[in-house]
Amino acid sequence: MTLGLELRGLDKSFEPENPVLRGIDLSIRRGEFVSLVGSSGCGKSTLLRIIAGLEQADGGRVAIDGREVTYLEPKARRIAMVFQSYALYPHMTVAANIATPLIMSRLHFLARLPLLGALAPGRRQVRSTIDRAVEEVADQLEIRPLLGRKPAQLSGGQRQRVALARAMVRQPSLFLMDEPLSNLDAKLRVHMRGELTDLHRRVGATFVYVTHDQVEAMTMSDRIALMERGAILQFGTPSELYSAPANLRVAQFIGTPSINCFPAEIDSAGTVSCLGRPVSGMVTSETRQRASLAVRPESIRLSARSEDVVFGATLRRIEHHGSEYILFAEPQGRDQLVRIRVSGAALEGQPLAEGQALTIAFSAADAHLFGSDDRRMDVSLFDAPVRLQSA
Ligand SMILES: Nc1ncnc2c1ncn2[C@@H]1O[C@H](COP(=O)(O)OP(=O)(O)OP(=O)(O)O)[C@@H](O)[C@H]1O
Ligand SMILES: [Mg+2]
C-alpha cells in the first residue's frame, strides 16, 4: 500500500546543541486526516515546513505518495499549504487570488504579461481552463458569489475559504495546514472545523493539520501525532490517545478537564499503592519505583465500592456546564484539587455545597499506571478480593 506521506529519521536544529526535531518517523496513509499537536515550540511548524520543502532537514527522508521528495523544490511536491495568516493578495479579486497558483504553473512568463501575453499562442485556451477550475472550487466551497470581491470585503471565515480554495485549485494530493483556524472567533472556528472535515471527505486527499488545540485534533482527525520537544510521544487514533495513553504527558495533554494524577509506589513484588494505600486488584511485572496513577475526571465516583481506592475530601468548587458538573475536591492532607465530572442527572436529589465533605473513589480498572520515566506500564487486573482455590 502506498503511503500518502512517509517521514523517516528527520532531524533539524537551527543552533547546535539545541535540536528542534529529533528523529521523526511517521507513516500516514493516503487520504488520512492526521493532526500534529503539542505545546508551543515543540516543532510542529518546523516539521510541516520540512514536509513542504520550505525548510531543509539536517538528516532524514520525506516521501509523498511513494515518491521521495527530500531534495525537491516546494512547487515540485504537489502539495498545498494553508497558513494561519491567509496571505491573500489584497489588491486582487477573490477569483484572481484563487487562480494565481494555476497561472504561475500553467502560463509561462511572457503569457502572464497583461498586454503582450494576449498575443501568446494558446493563452486564451489555458485561461478558460483556469477560469473553469476556479469556478469549480468556488462552487465546492460555496464562495462563487464572492469571486469579484477583494479580500478586505470578506469576513474571516470567507477569507479562510478563499485561502482553502487557492490551495485546492491545483488538486494537490497532500494538504498541509498550520493552525488555519486560529484567527477566527470561537463560534466560527467550530463551524469551520466541520467544513474542513467535510472538505477532506469530498476531496479524499491526505491532510496534515497542525494545531495546539487538542479538542480540534480530537474532533477532526483519523489519527493524532502528539509531539513534545521535537519528538513524537504517541501516534494513534483519538480514542487510543484518550483511553490508552502511552505516556503520562500524553494522558495530561488529551482531555478536558485534564486527567487527575496521584503519586503511587510500586514495591518489590509489583504491588501498586497510591497515597499510602494498596490499589486492590492491580499488579505490574515491574518493580520498586515511584509511579503515577492517572484517572480521568469521569472515572471518579462520589460513592465507594469495596474494591475502590477511596479518599475523604472537601468539595472546594462546583462548575456548571449545562448537562454536567465539574467538581473540584481537595483530598484530606493533600494540596491538590481532584477534578470530577458528573452528569446533572447523577446529582439529582443530592444537593452539593462548597465546603462539604465528600467521599471520592475510583477502581483500579479505570486507572492508568505510569512509571518513573512517564512510560505507560502494563498491569494485570484481578477481581479483588482474591479467593484462594480450595484443594
Ligand atoms: N528559523 C528559525 N531559527 C531559529 N530557531 C527557530 C527557527 N524556526 C523555529 N525555531 C525554533 O524551533 C523551535 C520549534 O519552533 P516551531 O515553530 O516549529 O514550533 P511550533 O510547535 O510550531 O510552536 P507554535 O505552537 O508556537 O507555533 C522553537 O524553539 C523555535 O524558537
Ligand atoms: Mg507553529
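# Notebook: ligand, sheets and cores

I started at the ligand and looked up Ser 40, which has a polar side-chain atom 2.5 Å from an oxygen atom of ligand 1. I note here that the model is predicted.

Thr 46 places a polar side-chain atom 2.6 Å from an oxygen atom of ligand 1. For Ser 45, an N or O atom of the side chain is 2.8 Å from an oxygen atom of the ligand.

Which residues are around ligand 1? I listed Phe 14, Val 20, Ser 40, Gly 41, Cys 42, Gly 43, Lys 44, Ser 45, Thr 46 and Glu 179.

**Helix α1**

Next I looked at helix α1, residues 44-52. Is α1 mostly covered or mostly open? I found it mostly covered, with 7 of its 9 residues buried. The buried ones are Lys 44, Thr 46, Leu 47, Leu 48, Ile 50, Ile 51 and Ala 52. After the helix comes Gly 53, and its phi is positive, near 90 degrees.

**The sheet with β1**

I traced an open sheet of 4 strands in the order β2-β1-β4-β5, and the pairing is antiparallel. Why is one side of β2 and of β5 left without a neighbour in the sheet? β2 (18-29) and β5 (67-68) are at the edges and each has a single partner strand, so one side of each has no neighbour there.

Inside this sheet, β1 (residues 3-15) and β4 (residues 59-64) run antiparallel and are joined by 5 bridges. I picked out one pair: Asp 11 has Gly 59 of β4 as its bridge partner. Helix α1 packs on the sheet and touches β1, β2 and β4. The direction of α1 makes about 120 degrees with that of β1.

**Glu 228**

I looked up Glu 228 in strand β9, residues 223-228. Its relative accessible area is 19%, and buried means under 20%, so Glu 228 counts as buried. Which side chain does Glu 228 meet in a polar contact? I found Arg 249, with the two side chains making the contact at 2.7 Å. Leaving aside neighbours within four places in sequence, Glu 228 is in contact with Arg 22, Cys 42, Leu 233 and Arg 249.

**The largest nonpolar core**

I turned to the nonpolar residues. In soluble globular proteins, nonpolar side chains tend to be buried together.

The largest nonpolar core here has 39 residues. Those touching the most other members are Ile 98, Ile 143, Leu 164, Phe 175, Met 177 and Leu 196. Two or more residues come from each of β6 (79-82), α2 (94-106), α3 (123-140), α4 (156-168), β7 (174-178), α5 (186-203) and β8 (206-211). Which element gives the most? I found α4, with 6 residues.

Not counting residues up to four places away in sequence, Ile 98 touches Val 134, Val 137, Ile 143, Leu 147, Val 162, Ala 165, Arg 166 and Val 169. Another core lies apart from the largest one; this other core has 31 residues, among them Ile 300, Ala 313, Leu 315 and Leu 347.

**Arg 170**

I found Arg 170 in the loop between α4 and β7. Arg 170 has 33% relative accessibility and counts as partly exposed. Beyond its neighbours within four places in sequence, Arg 170 is in contact with Lys 75, Ile 79, Pro 101, Leu 102 and Ser 105.

**Met 218**

Met 218 lies in helix α6, residues 214-220. Is it buried or partly exposed? I noted a relative accessible area of 23%, so Met 218 is partly exposed. Not counting residues up to four places away in sequence, Met 218 touches Ile 224, Pro 238, Tyr 242 and Ile 254.

**The sheet with β15**

I ended with another open sheet of 4 strands, in the order β17-β16-β15-β18 and with antiparallel pairing. Its edge strands, β17 (338-343) and β18 (357-362), each pair on one side only. From one strand to the next, the twist averages 50 degrees. β15 (residues 309-321) pairs with β18 in the antiparallel sense over 6 bridges. I noted one bridge: Gly 312 is partnered by Thr 359 in β18.

Technical notes:
Residues numbered from 1 in each chain as written. Chains lettered and ligands numbered in written order. Predicted model: local features only at pLDDT ≥ 70, side-chain atom pairs only at ≥ 80, totals over all residues. Heavy atoms only, no water. Core = buried A, V, L, I, M, F, W, Y, C linked by side-chain atoms within 4.5 Å. Buried < 20%, exposed > 50% of the residue type's maximum accessible area, 1.4 Å probe, protein only. Contact = heavy atoms within 4.5 Å. Pairing = 2+ DSSP bridges. Axes fitted to C-alpha atoms, helices over the stretch in contact; angles between N-to-C directions. Near = heavy atom within 4 Å. Polar contact = N/O pair within 3.5 Å; in protein donor to acceptor, adjacent residues only side chain to side chain.
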